[in-house]
Amino acid sequence: AGVAEVAGLPGVRVDEVVRFAGGASGVASDLREGAVGVVLLDARRDVAAGERVTRTRRVLDVPVGEALLGRVVDPAGRPLDRAGEIRSDRRRPIERPAPPILDRAPVETPLQTGIKVVDALFPIGRGQRELILGDRQTGKTSVALATVLAQRGQDVRCVWCSIGQRGSAVARLVATLRRSGAMTYTTVVIAGSDDPPGLRWIAPFAATSVAEAWMDRGEDVLLVFDDLTQHARAYRELSLLLRRPPGREAYPGDVFYLHARLLERATQLREERGGGSLTALPIVETQEQNVSAFIPTNLISITDGQIVLSPELAARGILPAVDVGRSVSRVGGKAQRTAYRAVASPLRLAYTQFEELERFARFGADVDEDTRATLRRGRRVREVLKQGALETIPPCEQLAVLFAASEGVLDATPAESVADVEAALRRAVRDEHVDLCQRVASGARLEEEDRETLRTLARRVAEEASGTRGHADDDGGLEA
């Protein structure tokens with residue numbers, strides 16, 4: 001059932017590992033008078049009534065360090081990739097206190113995701129906690145996976161924690177990481193849907209300890225939890241089996257504290273503490289876009305912003321299906337590359353106005369020329385923000401395309417041809433303006449000379465792509 005009631009064990013501590021005579025292990029979770037509630041961690045070992053149980057006098061810990069890079073392990077640190085034993089002389093308890101306030105520094109260094117709509121409108125900083133939420137099949141895992149792939153060459157270690165996912169989905173994820181070369185800087189911690197709830201409960205804490213070991217050495221780490229909805233359900237299952245009082249939606253009263261103490265461990269450390277960072281991307285699944293449900297509400301209040309994915313946008317083929325109006329980054333421009341700031345603000349304003357006006361235009365209402373221009377611009381911006389599922393785009397190429405859209409250079413381009421112009425513009429800026437790309441990547445400001453360079457380049461590429469084609473009308477069609 002996932003738990004066992006053990007009589008005796010005088011002096012046992014909370015979270016202490018205990019061993020059963022049959023070889024199974026568990027964690028002492030409930031200390032009651034005359035009995036101990038033990039959460040079981042082994043799925044393939046039976047526990048029989050009357051079996052002898054022994055204390056180990058140590059709390060649950062996990063191996064950490066370089067030996068974990070490129071490996072696939074379970075939450076107890078046992079290998080799942082058939083690549084041999086994990087040889088590490090360093091271990092850390094899975095439960096550790098979060099860094100104190102005085103050890104934390106402001107979040108100011110950008111974490112590039114390679115996704116245009118995120119980097120431009122909802123920038124993520126190193127040390128931030130950004131929630132990804134949406135219904136099933138809206139692309140939540142794809143957004144997080146693209147972010148991991150974008151860390152290639154960025155000197156950022158990655159830890160992917162898979163909780164309660166199907167084995168086939170996890171196998172595809174690991175295969176994608178291997179195929180792209182991302183496993184060289186990534187560790188995958190897996191507690192599958194067929195694993196006992198105890199393993200699913202400790203999985204994110206074990207993954208966080210692995211990531212913290214690198215953060216404390218002054219390195220930058222990205223940690224993905226896929227997903228915390230399954231984690232909360234596993235904790236609810238254990239709590240009900242241990243006969244703890246249920247609360248809202250049958251979750252125990254401390255489920256908020258469960259996720260708060262987990263996510264508070266993600267931070268940017270001060271230089272005196274090594275200057276390392278731990279960025280967390282928790283994923284949560286919603287039902288019928290209900291972000292006011294218990295677990296989504298808790299996580300929204302804990303994190304520093306959220307990326308909301310819309311099933312309507314996904315159904316219309318607008319990917320990534322980010323709902324711009326409901327998404328936010330509470331760190332904002334402080335963690336954004338300087339060159340982006342001049343582009344992001346007008347771009348978001350134009351897109352937000354477009355979404356509002358588009359709803360009215362669907363009713364066939366007559367609109368004035370200014371409104372038609374706003375709709376025309378918004379359709380091009382929407383096309384520009386589209387991106388392949390696992391495609392990552394370097395900062396300079398993103399900036400060139402977003403700048404062209406915000407400046408109106410693409411307004412005369414038919415909406416269905418924007419992707420071709422974008423590809424040509426990305427090639428041109430990559431091949432012809434290497435120095436500009438280097439300065440953007442280093443965080444330099446976008447000077448007026450640079451703006452004129454990008455404007456001229458975008459106009460030239462748009463004209464070359466258009467050729468003898470007609471110009472677009474405000475409904476996205478072509479006029480002769």
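The model is predicted: local features need pLDDT of at least 70, side-chain atom pairs count only at pLDDT 80 or more, and totals for chains, interfaces and linings use all residues. Residues are numbered from 1 along each chain as its sequence is written, and side-chain values use heavy atoms, without hydrogens and water.

**Exercise 1.** State how many cavities of 30 Å³ or more the structure holds, and describe the lining of the largest cavity.

Step 1. Volume is the space filled by probe spheres set on the points.

Step 2. Count: there are four cavities of 30 Å³ or more.

Step 3. Read the lining of the largest cavity: Val117, Ile318, Pro320, Val322, Val324, Tyr351, Arg382, Leu385 and Lys386. Seven are nonpolar, none polar and two charged.

**Exercise 2.** Find how α10 and α11 are oriented and which residues meet.

Step 1. Helices are DSSP runs (H or I, at least four residues). Take α10 (residues 369-385) and α11 (residues 395-406).

Step 2. Their axes, lines fitted to C-alpha atoms over the stretch in contact, come within 9 Å and cross at roughly 170 degrees. The helices are therefore roughly antiparallel (angles over 145 degrees).

Step 3. Arg377, Val381, Val384 and Leu385 of α10 meet Val401, Leu402, Ala405 and Ser406 of α11 (heavy atoms within 4.5 Å).

Note on methods. 1 Å grid on protein atoms, 1.4 Å probe; cavity = no way out; pocket = protein on both sides within 12 Å on 5 of 7 lines; lining within 4 Å. Nonpolar A, V, L, I, M, F, W, Y, C, P; charged D, E, K, R; others polar. Axes fitted to C-alpha atoms, helices over the stretch in contact; angles between N-to-C directions. Helix = DSSP H or I, 4+ residues; strand = E, 2+ residues; numbered from the N terminus. Parallel < 35°, antiparallel > 145°, perpendicular 65-115°, else oblique.
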